[in-house]
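Have the structure open as you read.

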Amino acid sequence: MGFMVVLSVLLVVGAVGGVVAQRRSRRDRHPSGLDAEAEANQWLVRLGGGLVPPDVRAWAGAGEDTARALTSAADCHREARARLADARTAAEYAEVTRTAREGLDHLRRARAGLGRETASASPAAG
């Protein structure tokens, strides 16, 4: 009878130890695919919102460099949207994020060409 009690206690302690070890290992892992997807979506929405011009006439009268930067930003948005539709892994979502952030850099240069903001500002790390 004493043997069964000791065995039961050891099994319970082992189970609790296993659960604790599993939770600790989860904390140490890289972001999950869902986290990466949420971040990619955030950057894509941010880029898409920036492509909506506050003053259409200002964009229409933009110089060649500004128009080229705006076109590059729109191309990055299109490419990131297409990649997001096919992405399934954290690495693929990271590529979507990289493309969207590249588009934001192009957009920043376009806005700087219009005198809206400085070209040297970089997007906040997310």
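1. First, the terms for helix pairs: axes are lines fitted to C-alpha atoms, for helices over the stretch in contact, and angles run from 0 to 180 degrees between N-to-C directions. Helices (H or I, at least four residues) are DSSP runs, numbered from the N terminus.

2. This is a predicted model, where local features need pLDDT of at least 70 and side-chain atom pairs count only at pLDDT 80 or more, while totals for chains, interfaces and linings use all residues. Residues are numbered from 1 along each chain as its sequence is written, and side-chain values use heavy atoms, with hydrogens and water left out.

3. Helix H4 (residues 64–86) and H5 have axes that come within 8 Å and cross at roughly 165°. H4 and H5 are therefore roughly antiparallel (over 145 degrees). By class, their contact has 11 nonpolar, six polar and eight charged residues (nonpolar: Ala, Val, Leu, Ile, Met, Phe, Trp, Tyr, Cys and Pro; charged: Asp, Glu, Lys and Arg; polar: the others, Gly among them).

4. Now look at helix H2 (residues 33–50) beside H5 (residues 90–113): the axes come within 8 Å and cross at roughly 20°. That makes H2 roughly parallel to H5 (under 35 degrees). The contact of H2 with H5 has 11 nonpolar, four polar and six charged residues.

5. Contact means heavy atoms within 4.5 Å. Among the H2 residues that meet H5 is Trp43, and Arg101 is among those on the H5 side. Arg101 lies over the face of Trp43, at 4.5 Å from the ring centre (the criterion is CZ of Arg within 6 Å of the ring centre and within 35 degrees of the ring normal).

How values were computed: Helices (H or I, at least four residues) and strands (E, at least two) are DSSP runs, numbered from the N terminus. Angles under 35 degrees count as roughly parallel, over 145 as roughly antiparallel, 65 to 115 as roughly perpendicular and the rest as oblique.
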